[in-house]
Amino acid sequence: MQTSQQLSSGHRNANEDEDDEDGGESELLDLAIVGAGLSGLMAAKTISEKRANIRFRLFEKSTHPGGTLDGLKTRWITPHHYHAMNLCRELQIPLGTVWRQSEASEARRSLVSIGPFRKRPSGSQGANSFMSSLRDLLVRLESTRFMAELDCLCTVKYIESNAQNMECFLQKKLLFEASRRFFRFLIKIGTGFYPAELTVTACLRLFRSMSSVRDLYDMLTLQNGHLQPVGSPSWDVLIERLVARVGPEHVTYSTNIVQVEITSDQRSDIVSLTDGTGRRWRARFVILAVSCLDLVQISILPEGPLYFHQPDIQLGLWSMANFTVRYPAPYWRDHGYTGSIFCPAQCLICYESGRNQLSGTYFSPLRGVLNDTERHLIRDTILRLLRTNFACRTMQKPLEFGLELHPIPFYFDVFPTFERCIIFSSTNVSCWYRGFINGSIQGGVRAAILALLEIRPQTITFREVTDMQCMHFKYFRQRSSYERVWYSLNLASVSRFLLGVGAVLLTYGTYRVLLKADICSWWSNR
């Protein structure tokens, strides 16, 4: 539901649109920002706070600001997210912890969360229970160590060039197939690509904007406290205050930019923007603050930028189904579970989102339009997985079931500027499960500083330039010698070493036996 402020701003935008039809093309903006999501609003806020008489406007294709600031966990941040925490403090938005498993009540401490290294309730029996527990322990140990290695490889000043395929890298570093399957899923939902589609260098660069790979894992398993505005289940208050800072008169809604063309004027290059209805605007510089799914739909003339590449939809997961299920009672607690599930093998993430309510995401290979048949199929699959994980048949009989299907976002690299007129904001920095708010804020700040360097360079401070260039280093920390030794060891290397040593010892032992039996002499005499 739109607020009165949005409705009034929409009325003003309608009047502005009428003016645009008469003389919008003759007006020359200093800066046009495509997308009024969190990244675009943050760029506009940075520009407006300079008070440098810069003529700018935001173009949003929907009827309200905020962009894709919704969905399971995409809105949450942690205390490690530096830029998001600073923005909330500046806008005086108090944050509270959503839920922290370690701070749960006494009644919850006996309950079990289902993680990728499945935890079983106490009392589970079986002939192979010891071997299964030992294997789960080794998989957990190996995966934890490899997360530490990825963090160390990402948090360096320069990422070393490594053209090796990331899938081969996983095969080399990980011994158990369960560990490889876990990281395939983690990389897919964190970057939008499968390891087979990336080189090691490309994967590390995509991970670089994260505060930590470990933070991503903790977020998905709800092991860390996640923050959201106090007294509000959503981040609408953040969007409202950003729009107030920018000024509603600078935002034009219901304007879907489909073409961006660089044309030459007498003095400099001018960028022309065209929406779906044929209306045109002109600007000296343009910030494209839209998602990668929308960015590839914009025609950039006369020659488009060199993108990374789109994910291969034939490899597997392509869609995510966000669901909310409400039951008469929390049946999962009666069976010894907290309601939290992070199961890469089943492509399922779930958590307790309210009273007698579960929310989560199910990842599927669906690539077409969601019709009633597909909707019922996904619904039955989710309920069956909930019943199986919580060992409770009544989980298939909810009171309410809500479902929304979205494509899995993907991210790619482009040059920070394109022809020095078009600046990309939402590539490789805004992220989905790895801190969407923080990544979008980073992208908006960086794009704004790049634009100011071209429009009003005298307004930029040295600190802002270094902050833009070293943005990701705020999340880096010096690794101890223990950590470096820890991540340099892995079970796969140890197993290969032991196999090599065993082969050498076996060969040597066979040789000694042959000498002792004097078989060589017997063979030569014969």
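This report describes strands, helices, salt bridges and a surface patch in a predicted model.

**Strands**

An open sheet is built from 6 strands in the order β4-β12-β13-β14-β11-β15, and the pairing is mixed. Strands β4 (112–114) and β15 (400–407) stand at the edges; each has a single partner strand, so one side of each is left without a neighbour in the sheet. On average, neighbouring strands of this sheet are turned by 20° against each other, direction ignored. Strand β11 (residues 319–326) runs antiparallel to β15, and 8 bridges join the two. Within this part of the structure, T324 stands opposite G402 in β15. Helix α6 (residues 177–191) lies across β12 (337–343), β13 (348–354) and β14 (357–364), and runs at about 85° to β12.

A further pair is formed by strand β1 (residues 28–34) and β2, which run parallel and are joined by 4 bridges. A32 stands opposite R57 in β2. In a regular strand, side chains alternate between the two faces of the sheet. Strand β2 (residues 56–59) is covered on both faces: F56 and L58 are buried on one side, while R57 and F59 are buried on the other.

**Helix α7 and its surroundings**

Helix α7 (residues 200–207) is mostly covered, with 7 of its 8 residues buried. These buried residues are V200, T201, A202, C203, L204, L206 and F207. They pack against α4 (129–154), α5 (166–173), α6 and α8 (213–221).

L153 belongs to helix α4. Its relative accessibility is 25%, and L153 therefore counts as partly exposed. Beyond its neighbours within four places in sequence, L153 is in contact with I159, F169 and L204. L153 and F207 are 54 residues apart in sequence, and their C-alpha atoms are 9.8 Å apart in space.

**Salt bridges**

A search of the whole structure finds 17 salt bridges.

| Salt bridge | N to O distance |
|---|---|
| K45 and E49 | 2.9 Å |
| K45 and E90 | 2.9 Å |
| E177 and R180 | 3.1 Å |

K45 has a relative accessibility of 3% and so counts as buried. E49 is partly exposed, with a relative accessible area of 41%. E90 lies in helix α3 (residues 82–90) and K45 in helix α2 (residues 38–48), so this pair ties together parts that are 45 residues apart in sequence. At 36% relative accessibility, E90 counts as partly exposed. K45, E49 and E90 are linked with R245 in a network of salt bridges.

The pair E177 and R180 lies within helix α6; because these residues are 3 residues apart there, about one helical turn separates them. E177 counts as partly exposed at 37% relative accessibility, whereas R180 is buried, with a relative accessible area of 13%.

**Surface patch**

V494, F497, L498, V501 and L505 make a nonpolar surface patch of about 470 Å². F497 is placed in helix α16 (residues 491–516). With a relative accessibility of 55%, F497 counts as exposed, because the limit for that class is over 50%.

Conventions. Residues numbered from 1 in each chain as written. Predicted model: local features only at pLDDT ≥ 70, side-chain atom pairs only at ≥ 80, totals over all residues. Heavy atoms only, no water. Patch = residues over 30% accessible without salt bridge, like charges linked within 9 Å, V, L, I, M, F, W, Y side chains within 5 Å. Areas by Shrake-Rupley, 256 points an atom, 1.4 Å probe, with all protein chains shown as cover. Salt bridge = Lys/Arg side-chain N within 4 Å of Asp/Glu carboxyl O. Buried < 20%, exposed > 50% of the residue type's maximum accessible area, 1.4 Å probe, protein only. Pairing = 2+ DSSP bridges. Axes fitted to C-alpha atoms, helices over the stretch in contact; angles between N-to-C directions. Contact = heavy atoms within 4.5 Å.
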